[in-house]
Amino acid sequence: MAFRARILGAAAGGGLPQWNCGCTNCTLARQGKIPAQSQSSLAVTGNGIDWAVLNASPDIRTQLIGTPALHPTGQRELPLASVLVTNGDIDHVAGLLTLREMQPFTLFATDGIHDVLTRNPIFDALNADVVTRQTIALDTPFPLAPDLTATLFPVPGKVPLYLEGDTVQTDLMGEQTVGVELRAGGTNAFYIPGCALLPSQLAARLDGADIVFFDGTLWRDDEMQTTGVGTKTGKRMGHMSISGTDGAVEAFKTLKIKRKIFVHMNNTNPVLRPDSAERQLAEASGWTIGQDGMEVRP
Ligand code: MLT
Ligand code: MN
Ligand code: ZN
């Protein structure tokens, strides 16, 4: 009986390589020179038998096929107890459509995120007679799977891209973007794939944790511009960068956390190249760069 996590997808939306991208990393991944990464998802268990999937990425079909611990144990029996989504972003909810085959599981989210799904009738493909949608209040522990307790808490973020209006607040604290605290046995772990900044209250929450999976979308705030793939900054997308004085490495420096792992890397991020200077810097600061299939135990 112990906490265990498996990274199903370490990349941000688009994955590595992204279908339409010819950037350095995507080209190297296509050539097999650096590992490809699928889109953002983490599987967790508290007892090694029953699993929860945190975020249902568009790659979930391949991710589940590649994860023996989540394979069916009978005709239609599955170790998957539940799915939890941390926001309404496409890379975190599109995979729900793949899970539509009349398979019972509980779908956990805040009221605000459930509302986004309810307003998109395509998600009715998850038959309500079979898939139970359960609303979770912030800061209230609940059983995510047998022997695994979770608590959702707000982290600075924004509404999904497809719901953005003319003006966008990128550091909203509410139900639209949440982090997950996981407790199993004596272990506490956190999963925060999207976070715009680290206010002191959030830093205090993470201090002393055994494991933190954290937003590693970009190395630099202007990375999309400098690599020539886009015009948006990380801040505009609601993601704090890894480097810089207002980046994650700096923000976590004084926190006592046993294992710090970046997830949700955008395909432009130089840390996705195992031999890059940026990756050595992140690792020298005590961080691990997440990778598809990586098993994490306390
Ligand atoms: C994000 O993480 O910022 C979103 O997944 C972007 C998107 O929806 O493509
Ligand atoms: Mn994303
Ligand atoms: Zn690319």
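Trainee: On a 1 Å grid over the protein atoms alone, a pocket is an open set of points with protein on both sides within 12 Å along at least five of seven lines. Where does ligand 1 sit?

Mentor: This is a predicted model: local features need pLDDT of at least 70, side-chain atom pairs count only at pLDDT 80 or more, and totals for chains, interfaces and linings use all residues. Residues are numbered from 1 along each chain as written, chains are lettered from A and ligands numbered from 1 in written order, and side-chain values use heavy atoms, leaving out hydrogens and water. A molecule sits in a pocket if more than half of its atoms lie within 2 Å of its grid points. Ligand 1 sits in the largest pocket.

Trainee: Which residues are around ligand 1?

Mentor: A residue counts if one of its heavy atoms lies within 4 Å. The shell divides into 1 nonpolar, 2 polar and 2 charged residues. Its members are D89, D91, M237, H239 and H264.

Trainee: How much of the 270 Å² that ligand 1 exposes when taken alone does the protein bury?

Mentor: Polar contacts (N or O pairs within 3.5 Å) come first here. Oxygen atoms of ligand 1 lie 3.5 Å from the side chain of D89, 2.9 Å from that of D91 and 2.8 Å from a polar side-chain atom of H239. Of the 270 Å² (Shrake-Rupley, 1.4 Å probe), the protein buries 77%.

Trainee: What is the angle between the planes of F214 and F252?

Mentor: Ring centres must lie within 6.5 Å to pair, and planes over 60 degrees apart count as edge-to-face. F214 and F252 are 4.8 Å apart, centre to centre, and form an edge-to-face pair.

Trainee: Which residue does a cis peptide bond join to L16?

Mentor: Most peptide bonds are trans. The omega of this cis bond is about -5°. The partner of L16 is P17.

Definitions and conventions:
Polar contact = N/O pair within 3.5 Å; in protein donor to acceptor, adjacent residues only side chain to side chain. 1 Å grid on protein atoms, 1.4 Å probe; cavity = no way out; pocket = protein on both sides within 12 Å on 5 of 7 lines; lining within 4 Å. Nonpolar A, V, L, I, M, F, W, Y, C, P; charged D, E, K, R; others polar. Phe/Tyr/Trp six-rings, centres within 6.5 Å; stacked < 30°, edge-to-face > 60°.
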